[in-house]
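Subject: Structure handover and notes

Dear colleague,

Here is the structure I promised to pass on, with my notes below it. Please read the notes with the structure open beside them.

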Amino acid sequence: MLYKIKLNFPYNHYNFLRAYLSNRHCLVIKYGSAVIKLNKIQAKVPQGSVLGPVLYLLYTADIPSQSGTILGIFADDTAILASHQDCVLASRSLQSNLNDIGEWCKWRIKVNEVKSIQVYFCQQM
């Protein structure tokens, strides 16, 4: 995230966002047996923060897409669509785009394979 911010923002903005995203902790309080613990937050963007959606958009702005496919993105869900008269060619376009996205995931975006499905709609002739 910080690498992408550094590439796209002036240095003073990068420094501000680096401070905002670094060294975050959360306090865990358990009332029953009185456990108070300070945990380091591993995720960089605070969930529910005002900057969260903007930073997510910046983080995912370079997701690869190809001609012949359409990306539909809402929040952290992404759909890849392809349409062709030949279902095999549509499937190849999807697979090619998925391969590119798989390579792009080196930016540490974890794909939830349980929620990932492929759906075919083919017209019989």
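The count of salt bridges comes to two, where a salt bridge is a side-chain nitrogen of Lys or Arg within 4 Å of a carboxyl oxygen of Asp or Glu. This is a predicted model, in which local features need pLDDT of at least 70 and side-chain atom pairs count only at pLDDT 80 or more, while totals for chains, interfaces and linings use all residues. Residues are numbered from 1 along each chain as its sequence is written, and side-chain values use heavy atoms, with hydrogens and water left out.

One of the salt bridges joins the side chains of Asp-62 and Lys-4, with an N to O distance of 2.9 Å. Asp-62 lies in the loop between α3 and β3 and Lys-4 in helix α1, so this pair ties together parts that are 58 residues apart in sequence; helices (H or I, at least four residues) and strands (E, at least two) are DSSP runs, numbered from the N terminus. Asp-62 is partly exposed at 40% relative accessibility, whereas Lys-4 is buried, with a relative accessible area of 4%; buried means under 20% relative accessible area, exposed over 50%, and partly exposed in between, with a 1.4 Å probe and protein chains only.

A salt bridge is also formed by the side chains of Lys-115 and Asp-77, at 3.5 Å from N to O. Lys-115 lies in the segment after α4 and Asp-77 in strand β4 (residues 77–82), so the pair ties together parts that are 38 residues apart in sequence. Lys-115 counts as exposed, at 58% relative accessibility, and Asp-77 as partly exposed, at 38%.

Next, the hairpin. Strands β1 and β2 pair in the antiparallel sense over six bridges, two strands being taken as paired if DSSP finds at least two bridges between them. They form a hairpin with four residues between them, and Leu-27 stands opposite Leu-38 in β2. Ala-34, in the loop between β1 and β2, has a positive phi of about 50 degrees although it is not a glycine, and Ala-34 is exposed, with a relative accessible area of 61%. Asn-23, in the loop between α2 and β1, likewise has a positive phi, near 50 degrees, in a residue other than glycine, and Asn-23 counts as exposed at 62% relative accessibility.

How many of the six residues of β1 are buried? The count is zero, and β1 is hardly covered. Ile-29, found in strand β1, is exposed, with a relative accessible area of 60%. Leu-27, Ile-29, Ile-36 and Leu-38 form a nonpolar patch on the surface, with about 470 Å² of accessible area together. The elements that give two or more residues to the nonpolar patch are β1 (25–30) and β2 (35–40). Patches are made of residues with over 30% relative accessible area and no salt bridge, like charges being joined within 9 Å and nonpolar side chains (Val, Leu, Ile, Met, Phe, Trp, Tyr) within 5 Å, and accessible areas come from the Shrake-Rupley method with a 1.4 Å probe, where for residues only the protein chains shown count as cover.

Turning to the buried side of the model, Gly-52, Leu-55, Leu-58, Tyr-59 and Thr-60 are buried in α3. The buried residues of α3 pack against α1 (2–8), α2 (11–21) and α4 (87–104), contact meaning heavy atoms within 4.5 Å.

Thr-69 lies in strand β3 and counts as buried, at 9% relative accessibility. A polar contact of 2.7 Å joins the side chains of Thr-69 and Asn-97, and the backbone oxygen of Gln-66 lies 2.9 Å from a polar atom of the Thr-69 side chain. A polar contact is a pair of N or O atoms within 3.5 Å; within protein, one must be able to donate a hydrogen and the other to accept it, and residues adjacent in sequence count only if both atoms are side-chain atoms. Not counting residues up to four places away in sequence, Thr-69 touches Ile-80, Leu-81, Ala-82, Ser-93, Leu-94 and Asn-97.

Ser-67, by contrast, is found in the loop between α3 (52–60) and β3 (69–74) and counts as exposed, at 73% relative accessibility. The C-alpha atoms of Ser-67 and Arg-24, which are 43 residues apart along the chain, are separated by 41 Å.
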